[in-house]
Amino acid sequence: SEITYFNEIESTQTVAHELSHKGVKEGHVVIANEQTAGKGRLGRKWYSKSGTSVSMSIILRPELPPQQTPQLTLLAAVAVVRAIKSNVGISCDIKWPNDILLNGKKLVGILTEMQADPDVVHSIIIGIGLNVNQDSSEFDDEIKEVATSLRIVKGRVIERAQLIAAILNELETLYDLYLEEGFKPIKSLWEANSISVGTYIYARTMREVIYGFAKGITDDGVLLVEDQQGVTHKIYSADIEI
Ligand code: BTN
């Protein structure tokens with residue numbers, strides 16, 4: 001696949017949106033050494049200073065109804081977990097939908113956005129931000145307590161290029177599997193690496209906080225939480241606290 005590389009850019013996600021509009025091919029990847037205005041989920045900022053993180057956005061063009069796009073978010077999380085396992089030898093946990101945690105701290109954030117009409121998806125842009133070589137003093141105050149990096153855990157600097165290649169390989173393998181066999185095999189892999197099903201959680205949505213038992217995910221990738229009155233809620237977007 002083709003790669004657009006920047007030493008410094010505001011956000012690979014923004015560039016990927018522009019390239020997608022211009023009609024670049026599926027699989028196009030935008031990578032930056034440093035982002036000056038990285039975007040996180042729910043309008044948050046994402047910190048990615050020079051040389052220490054992996055920041056990239058991948059453009060996919062599956063033929064999908066919009067409600068199935070969460071499946072690809074989960075697919076991306078599985079791909080990153082597998083790449084870290086094979087490349088660095090560390091097992092991470094996925095917290096729904098797609099935070100990747102190590103020792104309870106955030107290692108990777110994934111932001112999935114789409115360009116779509118009500119009934120058809122034109123493209124899905126998967127943004128992956130991975131903390132690689134930060135040491136603990138390099139994280140900003142706001143995230144110090146909750147963030148970690150591969151270097152902090154492994155005690156050595158990690159080669160970013162190889163890790164990026166591993167992630168893109170895993171993504172391609174899983175995406176091909178998904179196109180051939182659907183979401184089922186991806187769902188199993190996601191569940192096997194997830195710490196947010198089969199346990200009690202708080203789900204903070206835009207409107208309310210739901211406390212209950214996370215029963216699993218649906219075939220669309222939506223989280224099912226049963227509250228203490230026995231009512232099952234479908235969670236489409238939320239922050240999960242375990
Ligand atoms: C989150 O956990 O809130 C998601 C963070 C996603 C960050 C990545 S870094 C590459 C891509 N470009 C961005 O501006 N954001 C995503």
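Strand β9 (residues 199-204) runs antiparallel to β13, and 3 bridges join the two. Welcome to this predicted model, whose domain assignment gives domain 1 (3-192) and domain 2 (199-241).

- For a look at the pairing of β9 with β13, find Tyr 202, which stands opposite Glu 241 in β13.
- Strand β10 (residues 209-217) and strand β11 (residues 223-227) run antiparallel and are joined by 5 bridges; here Ile 217 has Leu 223 in β11 as its bridge partner.
- Strands β11 and β12 are likewise antiparallel, joined by 4 bridges, and Leu 224 stands opposite Lys 234 in β12.

**Two hairpins with glycines at positive phi**

- The hairpin of β10 and β11 has 5 residues between its strands, and Gly 221 there takes a positive phi near 95 degrees.
- In the hairpin of β11 and β12, there are 4 residues between the strands, and Gly 230 has a positive phi near 85 degrees.

- Taken over C-alpha atoms, the centres of domain 1 and domain 2 are separated by 23 Å.
- Domain 1 gives 10 residues to the contact, and domain 2 gives 7 residues.
- Helix α2 (residues 70-88) supplies 4 residues, the largest share of the side of domain 1 that touches domain 2.
- That side of domain 1 is made up of 4 nonpolar, 4 polar and 2 charged residues.

**Around the ligand**

- The ligand is surrounded by 21 residues, and the closest are Ser 11, Gly 40, Gly 109, Gly 127 and Gly 129.
- Elements giving two or more residues to this shell are α1 (12-22), β2 (29-39), β3 (45-48), β4 (53-60), β7 (105-117) and β8 (120-131).
- By class, the shell has 5 nonpolar, 12 polar and 4 charged residues.

**Helices α4 and α5**

- Two packed helices are described by the angle between their axes and the distance between the axes.
- For helix α4 (residues 160-181) and helix α5 (residues 184-192), the axes come within 8 Å and cross at roughly 135 degrees, which makes α4 oblique to α5.
- On the α4 side, Leu 174, Leu 177, Tyr 178 and Glu 181 meet Lys 184, Pro 185 and Ile 186 in α5.
- The residues of this contact include 5 nonpolar and 2 charged, with no polar ones.

**Backbone details worth a look**

- Most residues other than glycine have a negative phi, and most peptide bonds are trans.
- Leu 42 has a positive phi, near 55 degrees, and is a residue other than glycine; look for Leu 42 in the loop between β2 and β3.
- A cis peptide bond links Trp 96 to Pro 97, with omega near -5 degrees.
- Pro 97 has its place in the loop between β5 (93-95) and β6 (99-102).

Technical notes: Residues are numbered from 1 along each chain as its sequence is written. This is a predicted model: local features need pLDDT of at least 70, side-chain atom pairs count only at pLDDT 80 or more; totals for chains, interfaces and linings use all residues. Domain bounds come from an automatic or database domain assignment. Two residues are in contact if their C-beta atoms, placed from the backbone, lie within 7 Å. Ala, Val, Leu, Ile, Met, Phe, Trp, Tyr, Cys and Pro count as nonpolar, Asp, Glu, Lys and Arg as charged, and the others, Gly among them, as polar. Two strands pair if DSSP finds at least two bridges between them. A residue is near a molecule or strand if its C-beta atom, placed from the backbone, lies within 6 Å of it. Axes are lines fitted to C-alpha atoms, for helices over the stretch in contact, and angles run from 0 to 180 degrees between N-to-C directions. Angles under 35 degrees count as roughly parallel, over 145 as roughly antiparallel, 65 to 115 as roughly perpendicular and the rest as oblique.
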